[in-house]
Amino acid sequence: MSIPAPAYGRESLADLGPSVLAALGVPGETNVLDLPALPRACVLLVDGLGWELLRAHPDAAPYLSSLPGRPLTAGFPSTTATSLASLGTGRPPGGHGMFGYQVAVPGEGRLHNCLRWSDGIDPLTWQPARTIFDRAVAAGVAASHVAARAFEHSGLTRSVYRGARYLPADALGPLVARAEQAIRESERAFVTVYHGDLDATGHIHGSRSAAWHHHLAFVDLLARRLAEAMPPDAVFYVTADHGMTDPTGRVDVDAEPALREGVALLGGEARARHVYAEAGAAADVLAVWRERFAGQAWVLTREEAIAEGLFGPVSAPLAPRIGDVVAVPYADVAIVATKAEPIESTLIGMHGSLVAAEQLVPLLVRESAG
């Protein structure tokens, strides 16, 4: 079964930021996505709003479904920390080093949680790439990010949104009001808005649940209100960081000793695993995992995953963060670890893989109303 690598450099989430900047007239940026040239732009990122999920629920999202658009590939893994870094830097994962939910800290024998942010990890060195917000400001474009107050000083925010003015907003109305203020107060402006509750709803209740369907209707209203708040010379985009599936199969690594044999650290998440082997054990770990997940997952060495283009071009200093073995389910199965990850193992909705339901995200466009 061929591996569908993300479309970096053509139609990926990493191409959105540079394309927006180029459309805003920022020198040195490339408009790969051929976006309209206007002096102001607002990007709403809805966590967990997959392209396939959106297309399957036009009744709950009539406004979003009415907008012209196309799918982008999120990148690998299709997970929040990785995708926000791709959007925030305009680089594929191989250029920013945020390779998943949990990845190894080379030489330290521990995992770094890239979403919640682990102690002792400097955001400015862990993610060294210059952000699209820094590049916008340097070109005279006012850059702002609107999201919940709880995220304002997080390691992830400092890592991928640095350069943007952070505007805290803890409810849908304030999200719209802060975005409207930011986009209107400067002649050249770039505003990003983040809404994370649809993803949380999917994780807890499942992406096929009534709760998810109802929440999508609120997201649809949020998008419409934001679009209506835009000035005439602004373009409004809606995108996401990943889709979601509700796998019914479970393989518990902590219940199968063979899958733990020779494994020093188990990173990633249930639909995109980084497996870090003990010294000298990588070949044996690879063989066991390939046999166990035959017909269920792509199981690759680090070198194979890089050669297949899963992360885009990988900077050599960042490569050791990738697992010795990378396991990516394509079947209806989650690779859980009930002892090591008791909370994550109970989730219903999951993501991270390369399958279309998790990988494809929308790029919807509402151009100037003027």
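**Loops, a sheet and a helix**

Trainee: Is W117 buried or exposed?

Mentor: First, this is a predicted model: local features need pLDDT of at least 70, side-chain atom pairs count only at pLDDT 80 or more, and totals for chains, interfaces and linings use all residues. Residues are numbered from 1 along each chain as its sequence is written, and side-chain values use heavy atoms, leaving out hydrogens and water. Now the cut-offs: buried is under 20% relative accessible area, exposed is over 50%, and partly exposed is in between (1.4 Å probe, protein chains only). W117 has 13% relative accessibility, so it counts as buried.

Trainee: What is the phi of W117?

Mentor: W117 sits in the loop between β4 (110-113) and α6 (123-126); helices (H or I, at least four residues) and strands (E, at least two) are DSSP runs, numbered from the N terminus. W117 isn't a glycine, yet its phi is positive, at about 75°.

Trainee: And D34, is that buried or exposed?

Mentor: D34 is in the loop between α1 (16-23) and β1 (40-46), and has a positive phi too, near 55°. Its relative accessible area is 65%, so D34 is exposed.

Trainee: What is the strand order in the open sheet of 4 strands?

Mentor: Strands of a sheet pair through backbone hydrogen bonds, either parallel or antiparallel. Here, two strands pair if DSSP finds at least two bridges between them. The pairing in this sheet is antiparallel, and the order is β10-β11-β13-β12.

Trainee: Which residue in β13 stands opposite V275?

Mentor: Strand β11 (residues 272-277) and strand β13 (residues 325-329) run antiparallel and are joined by 3 bridges. Opposite V275, you'll find V325.

Trainee: At what angle does helix α13 run to β12?

Mentor: Axes are lines fitted to C-alpha atoms (for helices, over the stretch in contact, meaning heavy atoms within 4.5 Å). Angles go from 0 to 180 degrees between N-to-C directions. Helix α13 (residues 282-292) lies across β10, β11, β12 and β13, and its angle to β12 is about 170°.

Trainee: What is the radius of gyration of the chain?

Mentor: The chain has 15 helices and 15 strands. Its radius of gyration is close to the 21 Å that the globule rule gives for 370 residues, so the chain is as compact as a globular protein of that length. That radius is taken over C-alpha atoms, and the rule is 2.2 Å times the number of residues to the power 0.38. For this chain, the radius is 20 Å.
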